[in-house]
Amino acid sequence: MKLLPKRPCPECQGDMGPQAISLTLERKGSRLKVEVAGVPANVCTRCAFQLISAPVAQYIDALADSLFESDRKQKHRDLPPPQVHIQFPPLAEGVVKPA
């Protein structure tokens, strides 16, 4: 699956190009913060606006949702929430391998 097609930034009309970004995910009712690194995105070179393709966003959400749900179901809160980091390896320039 390829990154989003080249197009002007929807915020400032600057040029957008492929880049790996990091995200921090949080959900209501959960104490977790999930850090996700190496996410393929198109990023504006002028204003840094970020676009992630729908399939990539859905895949990341599916991974993280199970972690958040597990935390919500915990009855005992004796330990602080763990630090959760997901790291995607670097991919060939401009290409995301299909799952």
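Mentor: Let us begin with arginine 27, which is partly exposed at a relative accessible area of 23%. The classes are buried for under 20% relative accessible area, exposed for over 50%, and partly exposed in between, using a 1.4 Å probe and protein chains only. Please note that this is a predicted model, in which local features need pLDDT of at least 70 and side-chain atom pairs count only at pLDDT 80 or more, while totals for chains, interfaces and linings use all residues. Residues are numbered from 1 along each chain as its sequence is written, and side-chain values use heavy atoms, with hydrogens and water left out.

Trainee: With which residue does the side chain of arginine 27 meet in a salt bridge?

Mentor: A salt bridge requires a side-chain nitrogen of Lys or Arg within 4 Å of a carboxyl oxygen of Asp or Glu. Here the partner of arginine 27 is aspartate 65, with 3.3 Å from N to O. Arginine 27 sits in the loop between strand S1 (16–25) and strand S2 (34–44), and aspartate 65 belongs to helix H1 (residues 54–73), so the contact ties together parts 38 residues apart in sequence. Helices (H or I, at least four residues) and strands (E, at least two) are DSSP runs, numbered from the N terminus. Aspartate 65 is partly exposed, at 36% relative accessibility.

Trainee: How many salt bridges does the structure hold?

Mentor: There are four. Another of them joins arginine 31 to aspartate 71, whose closest N and O atoms are 3.7 Å apart. Since arginine 31 is in the loop between S1 and S2 and aspartate 71 is in helix H1, this pair ties together parts 40 residues apart in sequence.

Trainee: Is aspartate 71 buried or exposed?

Mentor: Aspartate 71 is buried, with a relative accessible area of 6%. Arginine 31 is partly exposed, at 33% relative accessibility.

Trainee: What separates arginine 72 and glutamate 69 in helix H1?

Mentor: About one helical turn separates them, because they are three residues apart in helix H1. Arginine 72 is partly exposed at 33% relative accessibility, and glutamate 69 is partly exposed at 34%.

Trainee: How many aromatic pairs does a search of the whole structure find?

Mentor: Rings of Phe, Tyr and Trp (its six-membered ring) pair if their centres lie within 6.5 Å; planes under 30 degrees apart count as stacked, over 60 as edge-to-face, and the rest as tilted. The search finds one such pair. The rings of tyrosine 59 and phenylalanine 88 have centres 6.1 Å apart and planes at 50°, so this pair is tilted. It links distant parts of the chain, as tyrosine 59 is in helix H1 and phenylalanine 88 is in the segment after strand S4 (84–87), 29 residues apart. Tyrosine 59 is partly exposed at 42% relative accessibility, and phenylalanine 88 is partly exposed at 21%.
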